[in-house]
Amino acid sequence: MRHPNRAILRERHITPTIDDLIHDLNGATVFSKLDLNSGYHQLELAPESRYITTFSTHKGLRRYTRLNFGTSSAAEVFQNAIQQVLSGIDGVRNVSDDIIIFGRDQAAHDKALHAVFERLRSKNLTLNIDKCEYNKSSIEFFGYVFSGNGVSPDPKKVSAIRNTSLPTNAHEVRSFLGMTNYCSRFIPNYSSITDPLRALTKSDQPWTWTSQHQQAFDQLKDLLTSDTVLAYFNPHKEATIIVDDSPVGLGAIFCQDQRIVAYASRSLTPVEQRYSQTGREALGVLFACHHFHLYIYGTKFSIITDHKPLERIFSNPSAPNARLERWALKLQPYHFTISYSPGKTNPADYLSRHPLATTHSSTASTQAEEYISFLANYTTPKAMTVDEVKQFTRIDPTLQCVSDALHNNSWHSVLSTPDPRVNLHDLKAFHQIRDELTVSTDHDLVLRSHRLILPHALRQRALHIAHEGHQGLTKTKQLLREKIWFPGIDGLMKKLIDNCLACQATVVQQPFEPLRMTELPQAPWQQLSVDFCGPLPSGDMLFVVIDEYSRYPEVEIVRSTSANTVIPKLDRILSTHGIPREIKSDNGPPFQSHSFAQFAQYMGFHHRKITPEWPKANSESERFMRTIQKTLRAAHLENKNWKQELFLFLRNYRATPHSTTGISPAELLFGRKLAVKLPEVVPTSPSRSQFADIDLKKKEKMKVYADTAAKAKPHSFQVGDTVLVRQKRVNKLSSPYNKHPYTIVKIKGSMITARNATSYITRNRSQFKKITITTHQQDHVPDPFDDEETNIPTPDHPAEIRRYPTRENRRPQNA
């Protein structure tokens, strides 16, 4: 299957890890294990895929009809198939063909087991009865032993490690560490213990087995006993993390109710080993929180450290250096308290001095689990009852003072000599509405009309309850006023909504500012606006350049918005009208490129880019886009060539007075009105008289110089003269004139028309040479190899030029 596996696209499906199993089996006391019979062979291959598994035997070619073990994607496909079969059943997980069923009690276990049997029967999946185990208080699964007390390593794997012989080379040490790493979660300070052994696996380390290596080897085997049991994590119990560091590693222990749930350790990199003591201790706290993220995110927990400065560092908003400040920001999602414990009583000290060889990132819970945990502990306000209001009213000094004032009518004495515990601002607010207040007989409720007045301890909670569903400020205040009241309720509610990130992110605000009108440039073609229109259905785009002084548009059709396409088009426009002082554009791809910046520097204009995502800043070109798009849509509806319609539109637009300036763009830019297809009287330019005489004098001077240099003289040709015509030179033997003479039939200025027996020809007089020939020479037969000017054959008068030859119609002859 090596060659087929190269072409097979592997599927990716999640396989449960040991952390997932430990999390799911938390609290389970009854277990069963099922083993699918023949594993992969229970899945049938599609007929169109079977030929891929063809193989040769001594009896000919054979192929699989069931999923075989050699296929590269078999493991993922099989895991996903069995997982889909068991989906929706609580208390069951599978790893490949092994299925574990568990329950908190016998009834839950039996229910899950019955559901699994029914599901397997409906899918025609069979079990291997010899490998199935039922109704166990502890069970071996996936290399671990799970029971009601917790999880421990498989005794068979521990026995294999304890009975292994001494390694004799680096390769055997590496294999031994691979075996022990599987059970590293049960070994405190694993990485520190294995540090001498890991040194032997380095390529530049010579092989020398010393007493230090022997001690580490024996210590690993002694720590791996079947009595090692880690407790399950209980989300309802408070968690404690004990952290410590050493010069070579970090260590952490996760505990609940004085029972160890998990160990964690890792070695320090060479750079981390150079950190200060405080830096390593703070890194240990960060490592522990990230490693146990699955257990502690969204809950309150405590951290114990033997480095007392950490208490002040993580309780102070400003860290002493940038590294610690960075780590403090990473720890902000966690809600913990840190306390000091001397190193001699810190059990994580041993872990830190014997760290893991590599850093293992903890298995993170899904985003849904994290979000639910966060909401359950922080964001979801719990319902409020009247009994709670009574309870907190009895201990609220301000409300008790109000109750006494209302009962004894002693407002004057209360306001003049208030209790220091009483909120004087609230007390004055109650005094202003004292006629609306009512107190219960037990002095445990104060009402304003029909609304409860909340004590200070419940006000924020009530605001969060009223804001559930994220209604607006007006609606939320209306809801509050229906049930409760307290001084400053409107201001507190407004502050809560203003600080609600979800409300601020979902409510659209329209901060329209007054228009900032741009100043008219001092002269034409000084400030330009550029933009793109499109793409059009044809794939083309329009590159639009507009002069902000005259509003004169230039439009180029392009196929790409790259700088390599735009720069030549813009260069052509600037070569026609000149280089401006400034070009304004949006932040599109060509205008952000280094090539365009170099082009602007080379040409000497300033490139100004408008505010991103704010096209109104380039309003001149943006408004023109609406106009040009209307023309393109009209051409599409009328089934006309949109390019030709675009040119017609541009000609008329440039000649039409602009609504802002009152003058046509062409007249403002060129100083003249643009001629269109409409009739008009063209006035004489006022400046013509200023240069007409100069033009005449210059032309006369040019004529004299040219005629003198060319030794020009008037021609003496007359109608009827015999002439030769100059011909193109084909090779070195070609003569300057065609030897076949012509006769002049018409003279108009310097243009002469001549003819011979077969054709007419019209040339400038310089192309003719007057000759005198005899009749015998005229009757000479033309040489077919001579080069001759080919012209349209004519009779006595020039014939009309035809596109196609004349057709001669012949009637059919009678039989």
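Phe532, Phe543, Phe591, Phe596, Phe599 and Phe605 are joined into a cluster by ring pairs. Rings of Phe, Tyr and Trp (its six-membered ring) count as a pair if their centres lie within 6.5 Å; planes under 30 degrees apart are called stacked, over 60 edge-to-face, and the rest tilted. The model is a predicted one, in which local features need pLDDT of at least 70 and side-chain atom pairs pLDDT 80 or more, while totals for chains, interfaces and linings use all residues. Numbering runs from 1 along each chain as its sequence is written, and side-chain values use heavy atoms, leaving out hydrogens and water.

By the ring rule there are 19 aromatic pairs. One of them is formed by phenylalanine 254 and phenylalanine 292. This pair links distant parts of the chain, 38 residues apart: phenylalanine 254 is in strand 11 (residues 249–256), and phenylalanine 292 is in the loop between helix 11 (277–291) and helix 12 (293–296). Helices (H or I, at least four residues) and strands (E, at least two) are DSSP runs, numbered from the N terminus.

Two of the pairs are set out below.

| Pair | Centre to centre | Angle between planes | Class |
|---|---|---|---|
| Phenylalanine 254 and phenylalanine 292 | 5.2 Å | 40 degrees | tilted |
| Phenylalanine 599 and phenylalanine 605 | 5.9 Å | 70 degrees | edge-to-face |

Phenylalanine 254 is buried, at a relative accessible area of 0%, and phenylalanine 292 is buried at 2%. Buried means under 20% relative accessible area, exposed over 50%, and partly exposed in between (1.4 Å probe, protein chains only). Phenylalanine 599 and phenylalanine 605 are buried too.

Threonine 305, in strand 13 (residues 300–305), is buried with a relative accessible area of 0%.
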